[in-house]
Amino acid sequence: MARPISKVAPEWWDYTTLDDAILADTARLTAEDLEQLSRPGFRVVMYDTLEDFYLAEALEYITAWRQSTDDNPTGICGPIGPTEQLPLVARLVNALELDIRSAHFWGMDEWVDNEGTPVPTTHPLSFAKADMELCFNRIDPKLRMPESHLHFPTGDLDAYSRSYDDVRCLLMQGGQGEVKHWAFNDPPKREGDYQDEPPSPETYRQLATRVTDLHPMTIIQNARTSGGGQVALVPTRAATVGPVETWKAEKVSIWQAGCHDNPFGMRLTTLMIAKNLPDASVPMSLLADHPNVQFNFYRPGIGTVETEMH
């Protein structure tokens, strides 16, 4: 039977093209059910307060950077969305007087302008700008790593990709968008070889750092969360870390406070990873094949999946 057409963007793949049985199973999951979906290689962790949630997220940076030495540098790849952990990271480094000069950091993604060039840090939505202002510019210069240890997907994207071979990425941290992406690994367009079926998980996983078109759902989400609804302000393309680099990270840790995706979406990817159901129309589900994944939830943010009028 042919896959359904997307209900939100007919020229794209997305989770609305999945089998109805998966969608129905997802809607029935309670927050307590999610906690039971851990398996070897996939761990579900709950936090009862936002303070605990974001502190735990910030401590992942500290744990990774503390392992770094001049002879064996280590680093973490981090998101913009969430961002609440970033000032906490700077505060912890300064308070602990943690020397992170040998450590590294990778930004996950960056907007691309109409000419195909990553936006400068003067752009109001620049992710690199947010990383610097919220975290790295707040760290004591005597403790902070040099700029050469800060890797953003701008300029030479091949060099950015190769840096994952030069330095151990202990952790790739991320959030989950409404289209079920990490970074900007969005579902593909429904065209060419993928008119009737999305690419296989194996094919999608061959994607490395690249400039990519954004699913309409992603554009709407970023207008809502970062631009007060100004869709015209949001670029339609972005440079993003890919699955190739993600699989070089020793662990992938996804943080979901209920701000960027909805109750149904958070349940869907948890179920698909737990049950080993990777599908490129739901890019986050491809992490079912990664050997070390952790989903972190703010319990009150999980919400409920109910059909009712408001």
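Trainee: Which residue lies over the face of Trp-13?

Mentor: Arg-190 does, at 3.8 Å from the ring centre. A charge counts as sitting over a ring if NZ of Lys or CZ of Arg is within 6 Å of the ring centre and within 35 degrees of the ring normal. Lys-180 is placed over the face of Tyr-15, with 4.4 Å to the ring centre.

Trainee: What should I know about the model itself?

Mentor: It is a predicted model, where local features need pLDDT of at least 70 and side-chain atom pairs count only at pLDDT 80 or more, while totals for chains, interfaces and linings use all residues. Residues are numbered from 1 along each chain as its sequence is written, and side-chain values use heavy atoms, with hydrogens and water left out.

Trainee: OK, salt bridges. How many does the structure hold?

Mentor: There are 14. The term stands for a side-chain nitrogen of Lys or Arg within 4 Å of a carboxyl oxygen of Asp or Glu.

Trainee: What does Asp-48 pair with?

Mentor: Arg-299, with 2.7 Å between the closest N and O atoms. Asp-48 is in the loop between β1 (42-47) and α3 (50-66), and Arg-299 is in the segment after β10 (293-298), so this pair ties together parts 251 residues apart in sequence. The helices (H or I, at least four residues) and strands (E, at least two) are DSSP runs, numbered from the N terminus.

Trainee: And are those two buried or exposed?

Mentor: Asp-48 is exposed, at 52% relative accessible area, and Arg-299 is partly exposed, at 29%. The cut-offs are under 20% for buried and over 50% for exposed, with partly exposed in between (1.4 Å probe, protein chains only).

Trainee: Which residue does Asp-25 meet in a salt bridge?

Mentor: Arg-28, at 2.4 Å from N to O. Asp-25 is partly exposed at 38%, whereas Arg-28 is exposed at 56%. There is also a network of salt bridges, which links Arg-3, Glu-197 and Asp-279.

Trainee: Switching to rings. How many aromatic pairs are there?

Mentor: The structure has 17. Rings of Phe, Tyr and Trp (its six-membered ring) pair if their centres lie within 6.5 Å; planes under 30 degrees apart are stacked, over 60 edge-to-face, and the rest tilted. Trp-106 and Tyr-164 count as stacked because their ring centres are 4.6 Å apart and their planes are at 20°.

Trainee: Where do Trp-106 and Tyr-164 lie?

Mentor: Trp-106 is in strand β3 (residues 104-107) and Tyr-164 in helix α6 (residues 157-166), so the pair ties together parts 58 residues apart in sequence. Both Trp-106 and Tyr-164 are buried.

Trainee: Which residues form the aromatic cluster?

Mentor: Tyr-61, Trp-65, Phe-105, Phe-136 and Phe-152 form one. Phe-105 is in strand β3 and is buried, with 0% relative accessibility.

Trainee: Why would greasy side chains end up together?

Mentor: In soluble globular proteins, nonpolar side chains tend to be buried together.

Trainee: How many residues are in the largest nonpolar core?

Mentor: That core has 36. A nonpolar core is a set of buried Ala, Val, Leu, Ile, Met, Phe, Trp, Tyr and Cys residues joined through side-chain atoms within 4.5 Å. Among the residues touching the most other members are Tyr-164, Trp-182 and Phe-297. The largest share, four residues, comes from α10.

Trainee: What does Phe-297 touch?

Mentor: Leaving out residues up to four places away in sequence, its contacts include Leu-34, Val-44, Phe-53, Met-266 and Ile-302. A second, separate core of 26 residues includes Tyr-61, Ile-62, Ala-64 and Cys-135.

Trainee: Last one: Thr-240. Is it buried or exposed?

Mentor: Thr-240 is buried, at 0% relative accessible area, and is found in strand β8 (residues 237-240). A polar atom of its side chain lies 2.9 Å from the backbone nitrogen of Phe-184. Thr-240 also touches other residues, including Met-108, Asp-109 and Ala-208.

Definitions and conventions:
A polar contact is a pair of N or O atoms within 3.5 Å; within protein, one must be able to donate a hydrogen and the other to accept it, and residues adjacent in sequence count only if both atoms are side-chain atoms. Contact means heavy atoms within 4.5 Å.
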